[in-house]
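Here is a short report on one protein model.

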Amino acid sequence: MSADIRRLVEGQVSADTQLGGMLAVFDGQPAFFYQKAPHDDTPGWGTPKYPRLDFNVDMRHDPERKTEGTMTFNIVCSRECPDIGGQDPDRAIEARLMELVSGTFYTGSDRATVCAEWERSDEFFIGGSQGQDTLPEIYGLTVTFELMEFPEQITIDPDPVQGLNEWTKRHFGKMTAIGYDEMPPIWKPTDENPAIYWRFEGTASTNRQSYAVTWFTGTFAAHVLAESVTERNKWTKAIIQRAQVDGEIILPDTSPMFINRITIRHNADPLREGQLGLTGQYGVLAQPPKEPAQIKLIHPYRNLAEKEEQKNG
């Protein structure tokens with residue numbers, strides 16, 4: 001997945017003419033590199049040699065999200081860099097980088113989807129050196145984005161998450177269901193085309209059992225993502241009202257999941273926690289009992305008669 005993210009981000013940033021116009025030129029291309037820029041003495045640099053941009057991706061295991069990590073961009077400028085649009089060059093590049101990357105979903109060839117969200121920006125400064133290898137005074141920003149995977153929530157029938165996705169698409173066709181819809185390689189939710197991600201938090205059996213059905217209580221979280229907080233809250237409220245009116249979700253095997261409880265958490269992190277909580281009860285068909293093995297019974301008097309015949313014979 002790390003290789004897919006690297007490839008998608010490289011293509012996205014390299015293709016942005018606005019950001020490319022803010023950077024120096026190396027070998028006829030904007031000075032944007034993976035991990036490390038070439039040394040100042042390397043042939044290919046234009047004039048000036050700054051600003052330049054490099055990035056790195058680090059992934060780690062996450063027990064629930066499968067993988068998560070960080071993506072780091074280093075914006076490197078020198079004191080000779082002019083302002084860009086009335087801003088310091090590093091801040092201007094940071095602003096455009098935020099517009100491109102923060103809140104963007106990247107989907108690789110394996111259908112794994114990862115979202116990048118801005119986490120922090122840190123300034124740095126490196127003093128120039130004197131002597132034969134004179135280096136300019138360097139300053140800039142390290143911009144860090146948090147990466148979170150949104151894995152497909154596919155289980156076996158009856159599949160509550162699949163049912164919730166189908167129900168959402170039926171009533172809110174403009175929403176993109178992450179892990180259900182076919183995702184483009186690079187995509188960002190908008191107010192008109194928001195995103196939703198249904199996540200299975202857990203399940204427990206109940207004391208409501210019958211000969212034909214075993215009942216379970218499932219808890220689910222919905223992550224509603226839009227461009228603005230106002231529209232995000234509007235979509236969240238609309239989903240809750242619709243679920244309350246319906247009272248049940250029809251699952252892929254046509255069985256119902258009865259909605260027991262709905263909660264809304266406006267202060268929750270939309271990417272990590274989800275603002276909407278739903279508790280529902282669904283049934284799993286019990287397996288038919290196995291037929292007992294048929295034991296061949298022979299009448300006891302017949303057995304005795306056969307034994308006497310064998311003895312006398």
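Helix α4 (residues 160–171) lies across β9, β11 (195–209), β12, β13, β14 (256–264) and β15. The helix runs at about 130° to β11. Helix α5 also packs on the sheet, touching β11, β12, β13, β14 and β15. The direction of α5 makes about 140° with that of β14. Contact here means heavy atoms within 4.5 Å. Axes are lines fitted to C-alpha atoms, for helices over the stretch in contact, and angles run from 0 to 180 degrees between N-to-C directions. Helices (H or I, at least four residues) and strands (E, at least two) are DSSP runs, numbered from the N terminus.

This is a predicted model, in which local features need pLDDT of at least 70 and side-chain atom pairs count only at pLDDT 80 or more, while totals for chains, interfaces and linings use all residues. Residues are numbered from 1 along each chain as its sequence is written, and side-chain values use heavy atoms, with hydrogens and water left out.

**The sheet**

What is the strand order of the open sheet of six strands? The order is β9-β11-β12-β15-β14-β13, and the pairing is mixed. Two strands pair if DSSP finds at least two bridges between them. The edge strands, β9 (176–177) and β13 (248–250), each pair on one side only. Strands of a sheet pair through backbone hydrogen bonds, either parallel or antiparallel.

| Strand pair | Bridges | Bridge partners |
|---|---|---|
| β12 (213–225) and β15 (276–285) | 10 bridges | Thr214 and Val284 |
| β14 and β15 | seven bridges | Thr263 and Gly277 |
| β7 and β8 (138–149) | 12 bridges | Ser121 and Val143 |

**Two hairpins**

Strands β13 and β14 form a hairpin with five residues between them. In its turn, Thr254 has a positive phi of about 70°. The hairpin of β6 and β7 also has five residues between the strands. Arg111 lies in the loop between β6 and β7. Its phi is near 70°, a positive value in a residue other than glycine.

**A pocket and a cavity**

On a 1 Å grid over the protein atoms alone, a cavity is a set of points where a 1.4 Å probe fits but cannot get out, and a pocket is an open set with protein on both sides within 12 Å along at least five of seven lines; lining residues have an atom within 4 Å of a point. Grid points are joined across faces, edges and corners, and a volume is the space filled by probe spheres set on the points.

The second largest pocket holds about 290 Å³ of space. It is lined by 16 residues. Closest to its centre are Gly103, Glu117, Leu225, Ala226 and Arg232. Strand β7 (113–126) and helix α5 (229–246) each supply at least two residues of this lining. By class, the pocket lining has eight nonpolar, three polar and five charged residues. Ala, Val, Leu, Ile, Met, Phe, Trp, Tyr, Cys and Pro count as nonpolar, Asp, Glu, Lys and Arg as charged, and the others, Gly among them, as polar.

There is one cavity of 30 Å³ or more. The largest cavity has a volume of about 40 Å³. Its lining residues include Glu152, Val161, Asn165, Ile178, Tyr197 and Trp198. Both α4 and β11 give two or more residues to that lining. Helix α4 makes the largest share, three residues. The cavity lining divides into four nonpolar, four polar and one charged residues.

**Rings and cis bonds**

How many aromatic pairs does a search of the whole structure find? It finds 15. Rings of Phe, Tyr and Trp (its six-membered ring) pair if their centres lie within 6.5 Å; planes under 30 degrees apart count as stacked, over 60 as edge-to-face and the rest as tilted. Phe33 and Trp45 have ring centres 5.8 Å apart and planes at 65°, so this pair is edge-to-face. Phe33 lies in strand β3 (residues 32–34) and Trp45 in the loop between β3 and β4 (52–62), so the pair ties together parts that are 12 residues apart in sequence.

The loop between β3 and β4 also holds Pro48 and Pro51. The peptide bond from Thr47 to Pro48 is cis, with omega near 5°. The bond from Tyr50 to Pro51 is cis too, with omega near 0°.
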